[in-house]
Amino acid sequence: MEGSSTNQHMFRREYFGKSLSTLCGGFLVVLTIAIGCFLLAKGMLSFTQFHHSMSEFLFSPVWKPTDTEVGGGQIGAAIYIWGSILTCAVALVIAIPFSLSTAIFMTQISPKIGEKIIRPAVEIFVGIPSVVYGWVGLVVLVPLIQKVFDRSHGQSVLAAAIVLSVMIYPTITSVSADAIRSVNQKYIEGAYGLGSTRWQMIYKVLLPAAMSGILTAIVLGLARAFGEALAVSMVIGKMRAFPKSLLDPTNNLTSAIASDMGGAMDGGEFNAALWSMALLLFVVSLLFILIIHLIAARKEKI
């Protein structure tokens with residue numbers, strides 16, 4: 001009887017745990033779908049209610065929406081889109097070499113120091129609020145750029161890209177390190193057995209074998225950079241113009257949404273245009289997730 005009672009108790013606990021996990025997973029799916037539907041309903045008003053074209057929104061640089069329900073303005077978001085693309089691209093160019101170097105050092109050059117010192121230090125960066133990154137960039141980096149390049153201002157694409165690179169550095173580093181650790185040890189031993197030096201092994205065997213995981217890390221870092229608002233808005237300059245160089249100020253999608261959404265009239269053209277920007281960011285995020293899944297599927301086939 002005791003054995004039967006124990007088995008029933010274990011079954012109930014297992015059934016409860018499975019049901020709870022299923023419920024939580026289903027809730028997240030429903031929540032994601034609900035957010036997507038809400039953004040779609042709000043973001044499409046620019047095209048259904050105010051009759052703007054998709055080409056105008058994506059490619060026109062003229063941003064003059066009216067803050068009324070009548071409409072009649074222009075919602076060209078090309079400057080904001082280009083600002084987001086440019087700052088994220090420069091941030092990746094800056095962050096990737098440092099992240100990969102750190103990941104290689106943590107896993108291959110000095111694993112003990114990497115685990116005890118460098119990995120905890122890298123993880124600390126993840127917990128720092130974005131407003132702190134933006135504030136440090138505003139009071140330290142912006143004046144430094146202004147002084148070094150002898151500019152009238154330091155807020156620029158370069159300042160935003162540097163801040164973003166620091167923010168995505170721990171993400172790319174941690175995921176890349178995990179990808180490198182997951183490489184089959186036989187590949188490394190085989191490379192050494194064929195007479196490779198450590199750097200030859202890393203360059204010709206280790207990094208190609210871990211490339212799928214490294215690409216996933218880069219996409220995750222790019223997704224973090226593309227969606228960052230507060231830190232970027234503090235250092236990018238918020239100039240509504242295409243930058244002619246990395247030292248010029250500009251604006252991006254997240255900064256425009258964060259700074260203007262609170263003052264836009266609900267139901268107006270300006271509000272709808274900002275929701276269209278939010279919808280675009282959501283679609284880009286879904287695209288990044290799709291790319292990650294494609295990379296993972298490719299890795300499983302290999």
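How much space lies in the second largest pocket? It comes to about 160 Å³. This is a predicted model, so to speak of local features a pLDDT of at least 70 is needed, side-chain atom pairs count only at pLDDT 80 or more, and totals for chains, interfaces and linings use all residues. Residues are numbered from 1 along each chain as its sequence is written, and side-chain values use heavy atoms, with hydrogens and water left out.A pocket here is an open set of points on a 1 Å grid over the protein atoms alone, where a 1.4 Å probe fits and protein lies on both sides within 12 Å along at least five of seven lines. Lining residues have an atom within 4 Å of a point, and the volume is the space filled by probe spheres set on the points. For the second largest pocket, the lining is made up of Ile-128, Val-132, Tyr-133, Val-136, Gly-137, Leu-141, Ile-162, Val-163 and Val-166. Helices α6 (130-148) and α7 (157-181) each put in at least two residues, with α6 giving the most, at five. By class, eight of the lining residues are nonpolar, one is polar and none is charged; Gly counts as polar in this scheme.

The 32 residues of α4 (residues 78-109) should span 46 Å at 1.5 Å a residue, and the end C-alpha atoms are 45 Å apart, which agrees. The expected span is 1.5 Å times one less than the number of residues. Still, α4 bends by about 30° at Ala-95, and Pro-97 follows within four residues. The bend is the angle between axes fitted to the seven residues ending there and the seven starting there.

Next come the aromatic rings. Rings of Phe, Tyr and Trp (its six-membered ring) pair if their centres lie within 6.5 Å, with planes under 30 degrees apart called stacked, over 60 edge-to-face and the rest tilted. The count by this rule is six aromatic pairs.

Because Trp-63 lies in strand β1 (residues 63-64) and Tyr-80 in helix α4, the pair ties together parts 17 residues apart in sequence. Trp-63 is buried at a relative accessible area of 5%, and Tyr-80 is buried too, at 1%. Together with Phe-270, Trp-63 and Tyr-80 form one aromatic cluster.

Methods:
Buried < 20%, exposed > 50% of the residue type's maximum accessible area, 1.4 Å probe, protein only.
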